[in-house]
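Please keep the sequence and the 3D view at hand while reading.

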Amino acid sequence: MPRLSRDMRHPIRLVVNGREMAGDAAPRLLLSDFLRHVLGLTGTHVGCEHGVCGACTVLIDGVPTRSCLVFAVQAAGRKVDTVEGLAGPDGELSPLQLAFQRNHALQCGYCTPGILMSLSAYLRTHPEPDEGALRDMLSGHLCRCTGYTPIIRAALEAARELRKES
Amino acid sequence: MKPPAFDYVRAESVEETLAALAEEGDEARILAGGQSLVPMLNYRLVAPKLLVDIGNLGDLAAIEADGAAVRVGATVTQAQFLAWPGLAESLPLLAQALPDIGHYQIRLRGTVCGSIAHADPSAELPLCLVALSGTIMLRSRREARDVAADAFFSGALSTTRAPEEMIVAVRFPKRRSGCGYAFREFAMRRGDFALVAVAAIASDDGMRIAVGGVGDRPRACDLPPLADAALADALNAFAWELEATDDHFATAAYRRGLVRSLGRQAVAEAMRCRG
């Protein structure tokens, strides 16, 4: 790969939520800002911008990642999944999203996209999590509204439903 | 916060990485997992001219064990190391310490060697490498050299790596028979940097205790077999040697207290699990 100059924007092609997408980015542009400002996918929220709050978590090649700690140029050629990709084609919510709705696992909703993305990957690799494991995993996300209890309840319920489905 | 402008290259080989480092020196930074470097960039604590992304270098992605040590390549993530099947058997100290690094999401991307290169005085991996007397394997275009962990960390976020050198791997010595290993850490919240972390290695012949989070780098001391009041005295003397200072998280006295209590717990645990 040639050296990408700081003074220019470079074409980035990647697959977002199963669709090929493209946009231009200078090397310093964070993936979080690329998703929001270049691709217009504002479901990914930006909180602390130093990897602590977890609001901007997306999946890169299926792995939960802080999009504020990755540059758009690093995501070129990769598969990125954001919260916009969770619902079905007609907008029907995923079992995880429905569990959040039923359990009031969000209030202001700022942290929710990141939490949903972490959980969507985690529940695939850990189909039978106990509460302790979930709390440990969710320590990577800050929520200032819920006190976490309904989030844990929703995650456990979603895990049960996903097990039934598979 | 947005990072300052830099050039970016996705390296295709170690040689290309070394050539970029030779050319740019300390104006270049290696980007692996980015879990320490990118926050530093976002805070504008560093402003390199060039980032060399080594994320695609498959030949640095291996965990290899020989009779004496486990060699972890530069792009191995903390999560991959934690999931390595030989971990509990070969490196019981790491099996205990790795879950305390950051959070699940950070470990999935953060690399083992990146944490060593970053050299945060509170970080778990530098502490474990010092405790086990591990080795950092450096390469530049001119030479390859191995540096002992004790001689590598030179201060807060500072190491003896030369600007044209990169860490290609680190080596953790394997469990020795007759030794027990224990790790204890105290942080304000799960996943936060440790206020104090302690690693202890104990056998019938003596013990080695390493402490992180106090002072500007992880430090170790070797002690003869001790127990009870003699051990408490030795831990207290070591706690004072570390020259703790007050900061807005904890006072020096509180940190010394943690060294004493976590040290006592870690030694007891290490003695209990001598194998």
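Axes are lines fitted to C-alpha atoms, for helices over the stretch in contact, and angles run from 0 to 180 degrees between N-to-C directions. The model described here is predicted. Chain A is divided into domain 1 (10-85) and domain 2 (95-165), and 27 residues of chain A are in contact with 27 residues of chain B.

**Helix packing in chain A**

- Helix H2 (residues 95-102) of chain A packs against helix H5 (residues 149-165) of chain A at an angle of about 145 degrees, and their axes lie 9 Å apart.
- The crossing of H2(A) past H5(A) is right-handed.
- From H2(A), Pro95(A), Leu96(A), Ala99(A) and Phe100(A) take part in the contact, and they meet residues of H5(A) including Ala154(A), Ala158(A) and Leu162(A).

**Domains of chain A**

- The centres of domain 1 and domain 2 of chain A, taken over C-alpha atoms, are 21 Å apart.
- In chain A, 15 residues of domain 1 are in contact with 11 residues of domain 2.
- On the side of domain 1 of chain A that touches domain 2 of chain A, strand E3 (57-60) and strand E4 (63-66) of chain A each supply at least two residues; E3(A) gives the most, with three residues.
- That side of domain 1 of chain A has eight nonpolar, six polar and one charged residues.

- Strand E1 (7-10), helix H2 (37-42) and helix H6 (104-107) of chain B are the elements that give two or more residues to the side of chain B that touches chain A.
- E1(B) gives the most to that side, with four residues.
- The side of chain B that touches chain A has 13 nonpolar, seven polar and seven charged residues.

Technical notes. Residues are numbered from 1 along each chain as its sequence is written. Chains are lettered from A and ligands numbered from 1 in the order in which they are written. This is a predicted model: local features need pLDDT of at least 70, side-chain atom pairs count only at pLDDT 80 or more; totals for chains, interfaces and linings use all residues. A crossing is left-handed if the near helix is turned anticlockwise from the far one by less than a right angle, and right-handed if clockwise. Two residues are in contact if their C-beta atoms, placed from the backbone, lie within 7 Å. Ala, Val, Leu, Ile, Met, Phe, Trp, Tyr, Cys and Pro count as nonpolar, Asp, Glu, Lys and Arg as charged, and the others, Gly among them, as polar. Domain bounds come from an automatic or database domain assignment.
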